[in-house]
Amino acid sequence: MLVLRDLEQFVVLADELNFRHAAARLHISQPTLTQTIQRLERFVGSSLIERTTRKSRLTEAGQTLAQGARLLLRDADALTRDVRHVAAGRRRQLRLGAVNPALRRMVPNILHDVHTQYPDLRISLHPMPSHQQLRALRESRIDIAIVRTAESLPGFVSEILMHEPLFAVLPSDHPLAGQSRVDLEQLNGLDFVMAPRDRNPEFYDELISLYTRRNCSPSTITEADNMHAQLALVGAGVGVAVQPLLFVDRDRSDIVFRPVNEELRIPLQLLRPASDETEITQAFLTSARACAQALVADAQESDRPV
């Protein structure tokens, strides 16, 4: 059978096309290198290199073997690195699921921290609603989930990142836009923009329950599937919205965000398999906690309008 050590010696010879130079580079004798090439030639049943008085050259079979051997040796090196990383408690790939609002500031900051610490880590990002992430976790299609839900999963560890403060989202020319804070009762009877209930029934029902408790009844509800569409409709004057912290975008001029002195009861949490204690996962958790704390602290600075 083909042996990696033999292929390594053959590739060096293919580079040098000189037995003496190749043997010196490999720190072996010329007879040992010759025996290796003869062994390979017996295995493939064909001559691999033609010797000349000045410089040898590869046969067509030798060129084919050299090309394939380089690929095989590269894959073997990558496999060795992967195994060593796993043996050291470090994963080589991180598959992250996250709700769309977390993609604005939270996820980029976390991934920047993790990538800085582990530049060779392969990261894939999968935006999806919370209930889809829970299914993906159970089916081992993602490794970590950032979800907005109070639900827990057997066999998975939950880390509550924050209970997000809520904000009234208003067109910049709305009569309430000049206030530093808004009471939900002031939004009673206005047209609202919301995500469809099937995106996150738990989140939708909690907002409707909150409106009821605070004597705030939307006149109409216009549905928009994602965060960007919802904010665009508010900016166009179609309606107002009440959204959690992760929706806040200070850079927009068409809409404003005003605190409503309410906190979302459904937590933003991070879920991971209980068996996953790798150092990369721990680094991810550390960064996620710090990022959540920074976002909440920023929102609580009353002297900075949002």
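Is Gln269 buried or exposed? At 3% relative accessibility, Gln269 counts as buried, where buried means under 20% relative accessible area, exposed over 50% and partly exposed in between, with a 1.4 Å probe and protein chains only.

The model is predicted, so local features need pLDDT of at least 70 and side-chain atom pairs count only at pLDDT 80 or more, while totals for chains, interfaces and linings use all residues. Residues are numbered from 1 along each chain as its sequence is written, and side-chain values use heavy atoms, with hydrogens and water left out.

**Stop 1: Gln269**

Select Gln269, which is found in strand S12 (residues 268-273). Helices (H or I, at least four residues) and strands (E, at least two) are DSSP runs numbered from the N terminus. The side chain of Gln269 makes a polar contact with the side chain of Ser158 at 2.2 Å. A polar atom of the Gln269 side chain also lies 3.0 Å from the backbone oxygen of Glu151. A polar contact is a pair of N or O atoms within 3.5 Å; within protein, one must be able to donate a hydrogen and the other to accept it, and residues adjacent in sequence count only if both atoms are side-chain atoms. Not counting residues up to four places away in sequence, Gln269 touches residues including Ala145, Ile146, Val147, Ser158 and Ile160; contact means heavy atoms within 4.5 Å.

**Stop 2: Ile146 and the nonpolar cores**

With neighbours within four places in sequence left aside, its contacts include Leu96, Val99, Ile110, Gln269 and Phe284. Ile146 is also one of the residues with the most contacts inside the largest nonpolar core, together with Met106, Met162 and Phe284. That core has 41 residues, and its largest share, 10 residues, comes from helix H9 (residues 279-299). Another core, of 22 residues, lies apart from it; among its members are Leu187, Met194, Tyr204 and Tyr211. A nonpolar core is a set of buried Ala, Val, Leu, Ile, Met, Phe, Trp, Tyr and Cys residues joined through side-chain atoms within 4.5 Å.

**Stop 3: the largest cavity**

Select Arg148, Ala195, Arg199, Asn200 and Phe203, which lie nearest the centre of the largest cavity among its 21 lining residues. This cavity holds about 290 Å³ of space, and a search of the whole structure finds 2 cavities of 30 Å³ or more. On a 1 Å grid over the protein atoms alone, a cavity is a set of points where a 1.4 Å probe fits but cannot get out, and a pocket is an open set with protein on both sides within 12 Å along at least five of seven lines; lining residues have an atom within 4 Å of a point. Grid points are joined across faces, edges and corners, and a volume is the space filled by probe spheres set on the points.

Helix H7 (201-213) and helix H8 (227-235) each supply at least two residues of the cavity lining, and H7 gives the largest share, 3 residues. By class, the lining divides into 12 nonpolar, 6 polar and 3 charged residues. Here Ala, Val, Leu, Ile, Met, Phe, Trp, Tyr, Cys and Pro count as nonpolar, Asp, Glu, Lys and Arg as charged, and the others, Gly among them, as polar.

**Stop 4: the largest pocket**

Now select Pro165, Arg181, Pro259, Ala299 and Gln300, which lie nearest the centre of the largest pocket, lined by 13 residues. About 190 Å³ of space lies in this pocket. Strand S7 (165-171), strand S11 (255-263) and H9 give two or more residues each to the pocket lining, with the largest share, 5 residues, coming from S11. The pocket lining has 7 nonpolar, 3 polar and 3 charged residues.

**Stop 5: two positive phi values**

Remain on strand S11 and select Asn261. Asn261 has a positive phi of about 60° although it is not a glycine, and at 53% relative accessibility it counts as exposed. Then select His27, in the loop between helix H2 (19-26) and H3. Phi of His27 is near 60°, also a positive value in a residue other than glycine, and His27 is exposed at 73% relative accessibility. Most residues other than glycine have a negative phi.

**Stop 6**

Thr36 lies in helix H3 (residues 30-44) and is buried, with a relative accessible area of 2%. Its side chain makes a polar contact with the side chain of Gln9 at 2.7 Å.

Finish at Leu4, in helix H1 (residues 4-16). Leu4 counts as partly exposed at 39% relative accessibility. Leu4 and Leu72 are 68 residues apart in sequence and 8.5 Å apart in space, C-alpha to C-alpha.
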